[in-house]
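Here's a protein model with a ligand in it. Have a look around first, and then we'll walk through it together.

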Amino acid sequence: MASHWEEFYATHLPPTDFEDNRKLLQEFCERHNKRNEKIVLVTSGGTTVPLEHNTVRFVDNFSAGTRGAASAEYFLEHAYVVIFMHRLKSLEPFTRHFNGQKFMDMLELYERGPNTNITVKPDSVDVLAPILASYKAAQENGRILYVNFTSVSDYFWLLRAACECLSQFGSRALLYLAAAVSDFYVPSNQMPTHKIQSGSAAPNIQLQLVPKLLAPLVSLWVPHAFVVSFKLETDESILITKAREALNKYKHKLVIGNMLQTRRTKVVFVTPDSSYEVVLSREQMLNGMEIEDVIVRNVAANHDEYRKKFKY
Ligand code: PAZ
């Protein structure tokens, strides 16, 4: 009998841009594997759950992709090449610093007669320059690949394709699964084709459990990779228990637990035999430090340790 995840792939079509993305992933991975690089797959942002095939309405979640976008920048600093697999229109590395008004506020407009000049304000140059330098270095050396998803089904297809390419890296591959993936969905064969009408009775929408991809991912797709998953909760009393349950069930290396309310300043690293908090002090925050800087440093150190013990 097919398992829950196999049934999912058998009953859900890949997204229309799937083959293009698969080729990009293959080319990126082959090029960097030849150079013996360390690679990280960062997943980021939330998945949607469409309610109709011609989707007008969908269930979404809160994630803007801050954790993933910031972490991708720090992984580049730690000499990883990065596959940034993110929700379309969620935050991206580098450009996240200039989102919306922040960018406009960095610019100065001079209008003298017929001449118009736009310059970067002197105090913004200090902010912009290092970000621009890192961005250029990553782009020009082809060290980051962007692929995107929208629905939970797109995410599933892309994640498996990425893993197929990552397996050749053995223990040099790190999976950093920070995306907020829906636990519930409406299966394709139970979804109406057209927009749900409001004329008759209120719809009764039955959500089903999404298969847990960590199971085949860890045991079949990338068995030698260092896999890190995130666990988000809103009730602190269950956070560590849930993280430990995930480790026991899927047998991966690390769960990073965080609370919705405090995720920017505190996370807990849960390994099979320990748990420890990573906390950003108020002073560090005021100095502009980001918790992802500390998280990525810790994860990279854990990955290095793992690779020392590993032959692949
Ligand atoms: O996108 P963001 O930075 O606001 O939030 C990040 C996060 C809380 C989604 C991430 O740290 C996380 O916990 N992801 C896994 C969520 C889960 O499925 O439990």
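A bit of bookkeeping first. This is a predicted model, in which local features need pLDDT of at least 70 and side-chain atom pairs count only at pLDDT 80 or more, while totals for chains, interfaces and linings use all residues. Residues are numbered from 1 along each chain as its sequence is written, and side-chain values use heavy atoms, with hydrogens and water left out.

Let's start with strand 1, residues 38–44. Helices (H or I, at least four residues) and strands (E, at least two) are DSSP runs here, numbered from the N terminus. Seven of the seven residues of strand 1 are buried, so the strand is largely enclosed by the rest of the structure. Buried means under 20% relative accessible area, exposed means over 50%, and partly exposed is in between, using a 1.4 Å probe and protein chains only. K38, V40, V42 and S44 point one way from the strand, I39, L41 and T43 point the other way, and all are buried.

What does strand 1 pair with? Two strands count as paired if DSSP finds at least two bridges between them. Seven bridges join strand 1 to strand 4 (residues 80–87), running parallel, and five join it to strand 8 (residues 173–177), also parallel.

Strand 8 pairs with strand 11 in the parallel sense over four bridges, with L177 standing opposite S229 of strand 11. Strand 11 in turn is joined to strand 12 (residues 254–259) by six bridges, again parallel, and there the bridge partner of S229 is V255. Strand 11 is mostly covered, with six of its eight residues buried.

Strand 11 also leads us to the ligand: strand 11 gives the largest share of the shell around the ligand, three residues. Helix 3 (66–77) and strand 11 (226–233) each supply at least two residues of that shell. In total, 15 residues surround the ligand, and the closest are S63, R67, L232, N258 and R264. To be counted as near, a residue needs a heavy atom within 4 Å.

An oxygen atom of the ligand is 2.8 Å from a polar backbone atom of R67, and an oxygen atom is 3.4 Å from a polar backbone atom of A64. On the side-chain end, an oxygen atom of the ligand is 2.9 Å from an N or O atom of R263. The protein covers 91% of the 470 Å² of accessible area that the ligand has on its own (Shrake-Rupley method, 1.4 Å probe; for residues, only the protein chains shown count as cover).

D273 is found in the loop between strand 13 (266–271) and strand 14 (274–279), and D273 is exposed, with a relative accessible area of 71%. C163, in helix 6 (residues 152–166), is buried, with a relative accessible area of 0%.

Technical notes: A polar contact is a pair of N or O atoms within 3.5 Å; within protein, one must be able to donate a hydrogen and the other to accept it, and residues adjacent in sequence count only if both atoms are side-chain atoms.
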